[in-house]
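Subject: Structure for your review

Dear colleague,

Please find below the structure that I am handing over to you.

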Amino acid sequence: MALLQISEPGESTAPHEHRFAVGIDLGTTNSLVATVRSGMSVVLSDELGRSLLPSVVCYGPQGVLSVGFEAQTHQAVDPKNTIVSVKRFMGRGVKDIAHIETMPYDFIEAEGMVRLRTVAGVKSPVEVSAEILKVLKARAEAALGGVLAGAVITVPAYFDDAQRQATKDAALLAGLNVLRLLNEPTAAAIAYGLDNAAEGIYAVYDLGGGTFDISILKLSKGIFEVLSTGGDSALGGDDFDHRVYCWIIEQADLQPLSHSDARLLLTRAREAKEYLTYHGEAPITVRLGSGEYVDVKLSTEKFSEITRTLVQKTLTPTKKALRDAGLSVAEVNGVVMVGGSTRMPQIQHAVGELFNQEPLNNLDPDKVVALGAATQANLLAGNRASNEDWLLLDVIPLSLGLETMGGLTEKIIPRNSTIPVARAQEFTTFKDGQTAMVIHVVQGERELIADCRSLARFELRGIPPMAAGAARIRVSFQVDADGLLSVSARELTSGHEARVEVKPSYGLSDDEIAGMLKEGFTHASEDAFRRALREAQVEAQRLLEATQTALAEDAGLLSMLERAHIDSCVARLQAVLVGDDRRAIDAAMATLNQATGEFAARRMNQSVRRALSGRKISEIQI
Amino acid sequence: MITITEKAAQHVASFLAKRGRGIGLRFGVRTSGCSGMAYKLEFVDAANPEDHIFESHGVKVLVDPKSLPYIDGTELDFTREGLNEGFKFNNPNIKDQCGCGESFNVL
């Protein structure tokens, strides 16, 4: 029979209606899957009790040979068809990938994303990642005894939209319903329950197998905002292993090693590193294939000494991330440790010293991201406890809007709006008989289009010809939970519609976002002035057009003198229009309005006369 | 009378400890599901005056009076089946149950 889990009071689900949801940490080196069971976040293990799944996929002529530990063993035998660290290729082109020449793969340049030629055919990083996700999905379904309702998948905070979209695509390919993509540091903070804590600033220090990331998060009103990120994509636990490896060679005075000896020694080096987490001294004894015998002892002190520069290499980006966020060490309320390498005592010590406080480390640093993702997944799947009505939200870092006449920005979704969000606004035509409209989507805080970032441009055609200002065009902005923006424009009388999907965060680093924000603040008053000027110019243009149209139609209603007066007012307005004196424009507009007042009244009378002449009162419907 | 195995009690205790509050476990039935009745298993923050309270291995199991006839004599166990783990009920009152055992009928 089915096995039951304990629910929160009043939250029992109906039979066959359990919403199984998991959190997945899709890592560069290792991946994990976790879920909430009886109110507790747990990492799900495979049948051998192993929770980590090495992010390695091995291809054979028939397709996928193996994923995980077994694939890892193929790495030495068949490096070309054994894909490791595929996360580095997600959403990247050949030129984006660092040290591509050192990799054993057969890369193919393709539009949008690099491809890998394997014995099983050409594979995209999305397909490779999907294989890893499929294994985790199968593990979760076996562990939960049911079909998954959805998954939360974590991504690095610095992932741009192409990388996020690639991750989402991989999940879809694996048959997973993505509830949300969650930033890894945010997931770690959730695992520590920081989202329930008071507001504050948190640093997430993530030292994994091959990458180092530091993120500064700000929590306010239950919302995590990523203030800044930094790191080193080529620094991790492997480098510490390598230092120990070099030290052993030096100590034991070894001759150049064979490939298999080198691997054996590297394994011993890693074991020694792990041993030193809980012991003061690690004995290293190896008999090499060459017949040489190694017998050395590595002390904690020596280990710290030979890896000091590596530790230092993590502290520099950490300080920079703090600087980027405009914060001092004293303002950080907590430090979360993520990644197996943070178990090393010298790391704990160095981080503690830098932040002047004990880092949070009582959760398994390898699992903390997956645990947080599981908590979030449980919540999003609707299994939330009644007394925990918080909902984690992400916010839009920069306002989204569109261009209106005069090159002005009309903000549709203001920055710091929580996502998902949808907003709509109606616009109209500027000229008589206008049948098309360009929708220019921009991002930024500035008032003028030129100072904002252009995201997309599309045209709405098929607007029925009408007088200026009569058409009603509804423009909707929608940002989904992953920060993807779609914009649609619809002409309400005809129903004509056009839409575009945009990637707002594509290619923007957090630094640039911060820079754009700051500019928005410092140029606020200047922008306000320029906006007022542009608005006056647009209004003046409209008035001139209307006047010109009227003159062309009904010049006969005016005397020579009147006509001359209006013409001179028009000329005056045209003259000041090109300048930047808003008051002069306003004044010239007022004069022109006054000059044409009588003319407008006569035109009105004339059209009324035309409408009424020769008709009986009874025929006229009011 | 409801009993709970020692293993199940240990798990309940650790879930409660992890949750940080709660006085025990509510075990009961609801009408729904494909075979009539469905089990419910919830944490308890406050007991109701009418609840029957059974205690074994240091864990309180609360049962509302209306549920008791359907589950009287049940033993709660915690088991692992393959990769899945969770609570299982040995209920002597069951006449038949749906394929997965999440819902059942009594005599």
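Among contacts in chain A between residues at least 6 apart in sequence, what percentage join residues at least 24 apart? The figure is 68%, two residues being in contact if their C-beta atoms, placed from the backbone, lie within 7 Å. The corresponding value for chain B is 55%.

This is a predicted model, in which local features need pLDDT of at least 70 and side-chain atom pairs count only at pLDDT 80 or more, while totals for chains, interfaces and linings use all residues. Residues are numbered from 1 along each chain as its sequence is written, and chains are lettered from A and ligands numbered from 1 in the order in which they are written.

Overall composition

Chain A contains 15 helices and 28 strands; helices (H or I, at least four residues) and strands (E, at least two) are DSSP runs, numbered from the N terminus. Of its 622 residues, 41% are buried. A residue is buried if 20 or more other C-beta atoms lie within 10 Å of its own, exposed if 12 or fewer, and partly exposed in between, with C-beta atoms placed from the backbone. Chain B has two helices and nine strands, arranged from the N terminus as β-α-β-β-β-β-α-β-β-β-β. In chain B, 36% of the 107 residues count as buried.

Helix H8 of chain A

Helix H8 (residues 308-324) of chain A has 17 residues and should span 24 Å at 1.5 Å a residue; the end C-alpha atoms are 25 Å apart, which agrees. The expected span is 1.5 Å times one less than the number of residues. The buried residues of H8(A) are Leu310(A), Thr314(A), Thr318(A), Ala321(A) and Leu322(A). These cover an arc of only 120 degrees around the axis, which puts them on the same side of H8(A); the arc is that of the directions from the helix axis to the C-beta atoms. Thr309(A), Gln312(A) and Thr316(A), on the other side of H8(A), are exposed. The cover over the buried residues includes strands S13 (200-207), S14 (212-220) and S15 (223-232), together with helices H5 (237-252) and H9 (345-355), of chain A. Just after H8(A), Gly326(A) adopts a positive phi of about 70 degrees.

A helix crossing

The axes of helix H4 (residues 184-191) and helix H10 (residues 368-380) of chain A come within 7 Å and cross at roughly 80 degrees. H4(A) and H10(A) are therefore roughly perpendicular to each other. Residues making the contact include Ala187(A) and Ile190(A) of H4(A), and Leu371(A) and Thr375(A) of H10(A). Axes are lines fitted to C-alpha atoms, for helices over the stretch in contact, with angles from 0 to 180 degrees between N-to-C directions; angles under 35 degrees count as roughly parallel, over 145 as roughly antiparallel, 65 to 115 as roughly perpendicular and the rest as oblique.

Strand pairing in chain A

Seven bridges join S26 (residues 473-479) to S27 (residues 485-491) of chain A, and Gln478(A) stands opposite Ser486(A) in S27(A).

Yours sincerely

Methods. Pairing = 2+ DSSP bridges.
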